[in-house]
Amino acid sequence: MNRRDSSRSLVVLALLAFEPRALAAAEDSFTFYHARALVKTYCLECHQGKSAPAKLDLARFSTEATIAGQPKIWNRVMARVRDGEMPPQGKPAPAAKERQSFASWIDRTLRSAACADGISPGPAPLRRLNRSQYAATIRDLLNIHFNAGHALPADGAGGEGFDNAAETLFLSPLHAEKYLDAARQALDYGAKDPRSRARFLVGEPDATTEPDQAARKVLEAFLPRAFRRPAKPEEVERYLGLFRSAQARAETFDGSILFALQAVLVSPNFLFRVEEPNLEAGPRRLGGYELATRLSYFLWGSMPDQPLVDLAAQDKLGQPEILSEQIVRMLKDPRALEFAEQFVEQWLNTRELGRDIKPDPKLFPEYYDAEVQSAIRYEPILFFQEILAQNHSLLNLLDSKFTILTNKLGRHYGLQLIGLRQQPARADLPEGSHRGGLLGMTAVLAVSSYPHRTSPVLRGKWVLEAILGTPPPPPPPNVPELNEEHAAAPKTLRDRLLEHRRNPVCASCHNRIDPIGFGLQNFDVLGRWRTEDARQPIDSKGELPDGTMFEGPEQLKAVLLARKGLFIRNLTTKMLGYALGRGLTMEDHCTVDRIVDQLDMGDYRAHTLIREMVLSVPFRYLAGTSAGLPVEKREAPR
Amino acid sequence: MTKSGLPISRRTVLRGAGAALGLPWLEAMAPRPALAASTEARLPVRMAVLYMPNGVHPEMWTPQGEGRDFPLSPTLEPLGDLKNELLVLTNLWNQGSKGGEGHYVKIAGFLTCTTVTKTMGVDIHCNGISMDQVAAQGVGKQTPLPSLELAIAPVSTGVDKNVGYTRVYGGHIAWNGPTPLAREINPRLVFERLFRSSRPQADSAKQDKLLLDRVLEDARQLRKRLGASDRRRVDEYLSVVRSLEQRMERAGRPEQASWKPRQPIDPETQPPGIPTGHTEHVRLMLDMIALAFRTDTTRIATFMFGNEVSNQNFSFLEGVKGGHHNISHHERKEDMMRQYQLINRWHIEQYAYLLGKLRQSQEGDGSVLDNSMVLFGAGIRDGNRHDPHNLPILLAGRGGGRLAAGQHLAYSPDTPLANLYVSMLEAFGTPVDRFADSTGRLPGVLG
């Protein structure tokens, strides 16, 4: 790549990252003919004919329609070209700019083809309760305050990056053993607590009630709650069989009924969220119980409560206005904390703080105060929950006039605020606090730092990924990742990073990564304000590839607010992946587009986001056997 | 080779000849037909794998000199008094993990020698069974637990959008199907599990079996209603519940199990939960492997020092400042390489700790280490380059006399790592004709 080329590609990359509108203008000039020419120049040498590698004969695709008709193949082509995996090393390859234009063209082509026919629901895979859902569900089912999931293995993430994604919720033999133990422990614990007993042991034998009758009563109440749907009489009968077998070996009533209930809690009907498969060709609306379940696991990470179940039983929950009411109720419920915690910590990656990413205890002992640590961890979570509950604008996440503080966290930030307590609470920020929005929070600033020092590269990358949803591509092969550590030469970090950016290959991405990070250099590893580092004054100036200049976090936040479109789209994409518990498909991005439009019109209110998500086709419908068939227009929610 | 394994070598016998000639396990020296009948009398062979993320300082790893007479390299120095129990294996590579990206493909395929499917989750697949699980399929039924999967960090949060992989790949080396085996990170929970499994209660096992029958029936009914892709999940459920049920069955009939605990687990030795110090945590987990092996609660264990790309802070080591992954990108800067080597060396110290523990446990006329093979390795060589050539691989213990320990064996470049696994499986008594890209046994490993 010569200098000229690379500088031009920088401009395009910059546009890609920051200006969707300008991007569209630049890209409109890339058409099918350009794509075909690129394929001919770089791909057809190998990918032609019957013996083409990966059985991929690209010569077959002679029109735009043939490409749009094979989204699976072309998504793969797009990813491999975009990530620099194709053409293979040593073969002539398009410049970075052309790669990007080609990839965006494929994406645009496939997407507009997918959205043209209306929206189809996409897959609805069987979802196992993950570890936190398991714990919350047992808590609500038995009314116990005991983490029944503590011994379960942690779940990995898939799809949009959440551990509720069906695809990565696999089972291994360890799970079976742990589920058996966890159920036993939770039930034993519950049976000893009168409040909890009253919740699930609703029948007990006495002078007028035979043990068998009492057990039936318990199971008839318990099974529908555990399975999140009405139980069939034969199901009650089968679990009653377990109770009787325990009675037959002279177990006590408690011992016998707990034995049967333990089986309920190990049953796949409890551990999986089962939806009745749709055997019709076209999509079907979810039944009331299914919708109640999706809704409660989305907003509470737990089972539906009685009001939801009642609405489901009356077949009213599907009505948009009732759904909207329920959403507002649910977001104000304390159980919404579970949603905020699960969503925010995985979206922002702050869950890794204290796990893989730990501030150095020798350099940052302040972090190891339990109260400080907890306040740091919960600040973004409770902040998000507050935005949801109060229906604030989602742009508060970029910048806000309030945050959630405890007295110790306020002191940590150097804020002179009165009235802060040990318990976290909303606090209005004074002028010049440097706080407000996620970028002023220690959790975010620490998770994007090294244990012993800050890194403009890590913070820049974090903003591109978590806020703007435009993660930089991986470093090209054989280019070692940038290392910012001190070398022998006594240069500043900024000098070293600038030197690194002289290499055009590195510059193509680091020109958009590093400046953002420099804008946050006034925050130390623990997010405290500083004006110098190692006796050098902090230089927090940054210049984006498109020429935008800024200095310090306040101006950086203004720059990000000017790009709110990218942020809102990213947040919507992430949340839809979380709401659906799976990776998004091409068609789901049509849903994202619609929701983003509604948010643009609705002042970015939090409730708009949640409501549109719940009312969306993929959330309320199940695909039929002909996956990809759209929901008929008359049935579509709006 | 028969399932009963190789006869133990003459050298082992000679080494222990002083005291133990009358022991029944010496029947292993008998011709093969007799051997099969006496399997239970022989001391079992154990296999552990310790996985280290982020590679090694390439120049400080490989010892100078080959064969039996070689000085240990600076990184391997902590193995000083274990040198005779050690095989240093040079120039092995893992072809399956060549492409893809720098980390996830390397770790997930470390014991499978396959190329995992690139995915954010939908089609997660390792495309092979890991070597330890092949062994577990062979002998797992002879112990209360077929195998033990341990780690230090929970599986990492999220997916890696930069490279297009779910981080599930970066957190697992043991695979017995398309999806991995979950692992445990809390030493206290591991202890409780070992303790409980080692003391089967016939009564409760019988009831548990009744309960599992009930839920298996639920699963079968559910399966009938579902579409093909969801059936796969229910099949997974059926298979894990059945495997538990079978374990209960075996536990319910202790007299029929070949397993006899040599030493009961003392409940007083229960460790605490996860300690704050990294070294303490690692050692407690390694203690659990030693305990499981000593008591024959399982014969197979895998352990991950960290998830791949781990940025574990190693500042607790004198002279180190920073996170593991960051330092592994040393860019050949002297100071960074020095720190990198110190981190590598710390890992070797922990390896030596486990080997020492196994050696302290008397068994027959030798030690548990004599009857173990403990693999130590990483999925890349130099963290700065992410390449799967000339991987850092050690194997320690004598595998019941089947391993020719005490050597540095250097092969021709790019000898398949899978060949080592073929040899290990043979020594373990669960031989295979082929493993992934293997081309045969690894010469010199078996005694």
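This is a predicted model: local features need pLDDT of at least 70, side-chain atom pairs count only at pLDDT 80 or more; totals for chains, interfaces and linings use all residues.
1. Chain B overall. The secondary structure of chain B comes to 11 helices and 11 strands. Of its 447 residues, 63% count as buried. Among contacts in chain B between residues at least 6 apart in sequence, those joining residues at least 24 apart make up 73%.

2. The sheet of chain B. Seven strands form an open sheet of mixed pairing, and their order is β3-β6-β1-β9-β10-β2-β11. At the edges are β3 (148–151) and β11 (407–416) of chain B, each of which pairs on one side only. From one strand to the next, the twist averages 15 degrees.

3. β3(B) pairs with β6 (residues 300–304) of chain B in the parallel sense, over four bridges. To locate this pairing in the model, look for L148(B), which stands opposite A301(B) in β6(B). Helix α10 (residues 334–360) of chain B packs on the sheet. The strands that α10 touches are β1 (46–51), β2 (86–93), β9 (372–377) and β10 (393–396) of chain B. The direction of the helix makes about 175 degrees with that of β9(B).

4. Strand β2 of chain B. On the β10 side, L86(B) stands opposite A396(B). On the β11 side, V88(B) stands opposite H408(B). Is β2(B) buried or exposed? Eight of its eight residues are buried, so the strand is largely enclosed by the rest of the structure. The cut-off behind that count is a relative accessible area under 20%.

5. Extent of the A–B interface. Contact between the chains involves 80 residues of chain A and 70 residues of chain B. The area buried between them is about 6,300 Å². Carbon and sulfur atoms give 56% of that area.

6. Eight salt bridges are counted between chain A and chain B. One salt bridge is formed by R238(A) with D218(B), where the closest N and O atoms are 3.9 Å apart; the criterion for a salt bridge is within 4 Å. Residue pairs in polar contact between the two chains, both residues at pLDDT 80 or more, number 27.

7. Which helices of chain A supply the side that touches chain B? At least two residues each come from α8 (173–192), α11 (233–248), α12 (253–266), α13 (268–271), α17 (336–347) and α21 (456–467) of chain A. The largest share, nine residues, comes from α8(A).

8. C43 of chain A. C43(A) is found in the loop between α3 (32–42) and α4 (64–68) of chain A. With a relative accessible area of 13%, C43(A) falls under the 20% limit and therefore counts as buried. Leaving aside neighbours within four places in sequence, C43(A) is in contact with L38(A) and L58(A). L629(A) lies 586 residues from C43(A) in sequence, and the two are 33 Å apart in space, C-alpha to C-alpha.

Key: Residues are numbered from 1 along each chain as its sequence is written. Chains are lettered from A and ligands numbered from 1 in the order in which they are written. Side-chain values use heavy atoms; hydrogens and water are left out. Buried means under 20% relative accessible area, exposed over 50%, partly exposed in between (1.4 Å probe, protein chains only). Contact means heavy atoms within 4.5 Å. Two strands pair if DSSP finds at least two bridges between them. Axes are lines fitted to C-alpha atoms, for helices over the stretch in contact, and angles run from 0 to 180 degrees between N-to-C directions. Buried area is the accessible area (1.4 Å probe) that two parts lose on being put together, summed over both. A salt bridge is a side-chain nitrogen of Lys or Arg within 4 Å of a carboxyl oxygen of Asp or Glu. A polar contact is a pair of N or O atoms within 3.5 Å; within protein, one must be able to donate a hydrogen and the other to accept it, and residues adjacent in sequence count only if both atoms are side-chain atoms.
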